[in-house]
Amino acid sequence: MGSTTPPSATPAPSADQFPPANSPSLILTRPTNAERRQTWSLTHPMWGPALSHDDYLQREAYLTTVPLAKDGGVTHWILTEASQPPDGRPILSSCETLRKRVLCVRPGANGGVVEEGLAHAIGSVFTDPKFRGRGYASRMMREVGSSLRGWQVKGKGEGDAEEEGGVLFSVLYSDIGKTFYAKTGWVPFESSHAAFPPVPGAVSGLEPQDGYRGALARPIGYHELAELCNVDERLLRAALVKRVEEYQKQGKTTTCVALLPDLDVLLWHMMREDFVTKHIFGRTPAVKGAVYGEPGRRVWAVWTRGYYGGLEQIKGNTLHVLRVVVEDEEQLDEYLTEGFRAIVQIAQAEATEWRSQDVQMWNPTPRLRSIIEKSGLEYEHVDRDNDSIASLMWYGEGDASGLDWVANEKYGWC
Ligand SMILES: CC(C)(COP(=O)(O)OP(=O)(O)OC[C@H]1O[C@@H](n2cnc3c(N)ncnc32)[C@H](O)[C@@H]1OP(=O)(O)O)[C@@H](O)C(=O)NCCC(=O)NCCS
């Protein structure tokens with residue numbers, strides 16, 4: 001599947017025609033449909049090489065209609081010249097943002113005080129090669145950072161949501177290291193993962209088409225996600241409160257924040273995955289994760305498959321664990337280790353089945369890291385310094401670097 005990217009729609013201006021990045025004539029605004037398609041055409045070689053140009057454009061349009069993004073949940077942004085008409089103006093830089101629910105727990109007089117609010121996750125930051133190196137992306141990010149602070153907070157306007165706390169922060173996942181976005185206010189946070197190799201027949205020779213019958217863990221299907229997300233949200237809320245109170249006992253006033261791993265967030269990833277796998281493999285995966293144990297003491301992981309290499313090359317194809325949940329932290333290590341191993345083995349078998357280079361699990365907690373170690377599974381711990389650097393701009397008082405970003409896992413990515 002080669003790229004059929006058309007040439008950029010507007011010719012490059014001569015050097016003296018480039019507006020300076022600090023010019024008051026530049027504005028941050030929303031693109032027209034045609035302008036959106038123009039940016040998608042340009043980003044196809046970079047972010048859609050596993051799809052044809054037309055399929056990629058279709059995927060991007062489809063991704064405006066799925067949970068989380070639909071009804072104004074996604075916003076597309078461009079930096080352009082205010083004086084020029086829509087569809088006739090240069091797109092100097094572009095990006096998109098997805099609105100997400102978040103929790104923030106602050107230390108209070110009687111323990112942790114929970115606030116529910118919104119965050120916007122920024123993705124697809126892109127400057128047409130002919131406009132690069134002139135400060136346009138930096139200017140756009142400065143404007144996006146401050147615009148998001150009040151974006152979609154009250155009323156019932158375009159895609160608005162009524163939430164208690166307004167926009168508490170914004171996040172992004174930098175693929176260009178830790179410096180560029182830090183300069184415009186997004187502070188880099190821990191960005192590591194455990195990488196497990198794909199293992200054919202990892203589940204004692206059981207095949208996915210048999211539903212892994214007889215395995216210690218069992219696959220999770222779409223129909224189970226809603227209940228799991230509800231439990232996860234309740235547990236995460238309690239975990240954040242507990243954590244803030246533990247900080248308080250140590251005399252610290254740390255605020256804890258988390259993006260909520262709710263059903264819409266998972267569905268956004270999984271419907272994206274379905275679109276891509278349907279186009280690459282002609283079918284969609286039924287196994288959305290795996291769970292071990294009975295309700296009350298379950299351990300589970302949910303995942304999605306991402307493709308940059310497609311069928312032609314395995315490099316760039318990853319089975320991403322979106323979220324790992326331990327329902328009862330009081331369980332013994334032996335129990336959790338057996339459950340974790342059984343879950344990862346299903347992921348490894350699925351990674352083989354779906355042509356993925358590895359299984360990645362972002363920022364495992366210290367407890368989980370020790371469980372991984374005890375599991376005896378082959379794995380590598382990777383501290384990323386260039387790709388998917390989780391970064392956060394804080395809209396509250398103080399500095400983002402003083403925050404504890406809990407559950408900083410792949411589900412937050414976009
Ligand atoms: C990254 C990108 C958006 C920058 O756009 P731009 O309009 O040229 O950005 P600016 O002119 O404001 O800033 C350029 C800075 O970006 C840095 N930069 C660009 N590409 C980079 C990369 N791959 N790694 C690290 N830094 C990079 C430049 O070194 C320069 O740094 P400086 O300000 O210290 O000189 C653009 O190069 C692009 O679209 N790249 C391809 C898509 C991409 O990687 N997007 C980022 C996804 S997180």
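# Briefing on a predicted single-chain model

The mean positions of the 44 positive and 54 negative charges of the chain lie 2 Å apart. This is a predicted model, and the values below are computed from it. The secondary structure of the chain comes to 8 helices and 16 strands. The radius of gyration is 22 Å, close to the 22 Å that the globule rule gives for 414 residues, so the chain is as compact as a globular protein of that length.

**The chain as a whole**

- Along its principal axes, the C-alpha trace of the chain spans about 65 × 60 × 35 Å.
- Of the 414 residues in the chain, 56% count as buried, and the accessible surface comes to about 17,900 Å², of which carbon and sulfur atoms account for 50%.
- If we take the contacts between residues at least 6 apart in sequence, 76% of them join residues that are at least 24 apart.

**Helix H6 and the glycine after it**

- Helix H6 covers residues 263-281, and its 19 residues should span 27 Å at 1.5 Å a residue, which agrees with the 25 Å that separates its end C-alpha atoms.
- Because 14 of the 19 residues of H6 are buried, this helix is largely enclosed by the rest of the structure.
- Just after H6 comes glycine 282, which takes a positive phi of about 80 degrees.

- As background, most residues other than glycine have a negative phi.
- Arginine 355 has a positive phi of about 50 degrees although it is not a glycine, and this residue lies in the loop between helix H7 (333-353) and strand E13 (358-362).

**Glutamate 312 and its distance to arginine 355**

- Glutamate 312 is found in the loop between strand E11 (299-306) and strand E12 (318-326), and at 62% relative accessibility this residue counts as exposed.
- Although glutamate 312 and arginine 355 are 43 residues apart in sequence, their C-alpha atoms are 9.9 Å apart in space.

- The C-alpha atoms of lysine 249 and serine 93 are separated by 47 Å, and the two residues are 156 residues apart along the chain.
- Threonine 255 sits in the loop between helix H5 (225-249) and strand E9 (256-259), where its relative accessible area of 12% makes it buried.
- Leaving aside residues up to four places away in sequence, threonine 255 touches Cys104, Val105, Arg106 and Pro107, together with Leu403 and Asp404.

Notes
Residues are numbered from 1 along each chain as its sequence is written. This is a predicted model: local features need pLDDT of at least 70, side-chain atom pairs count only at pLDDT 80 or more; totals for chains, interfaces and linings use all residues. Side-chain values use heavy atoms; hydrogens and water are left out. Helices (H or I, at least four residues) and strands (E, at least two) are DSSP runs, numbered from the N terminus. The radius of gyration is taken over C-alpha atoms; the globule rule is 2.2 Å times the number of residues to the power 0.38. Buried means under 20% relative accessible area, exposed over 50%, partly exposed in between (1.4 Å probe, protein chains only). Contact means heavy atoms within 4.5 Å. Accessible areas come from the Shrake-Rupley method with a 1.4 Å probe; for residues, only the protein chains shown count as cover. Lys and Arg count as positive and Asp and Glu as negative; His and the chain ends are not counted. The place of a charge is taken as NZ of Lys, CZ of Arg, CG of Asp or CD of Glu. The expected span of a helix is 1.5 Å times one less than its number of residues.
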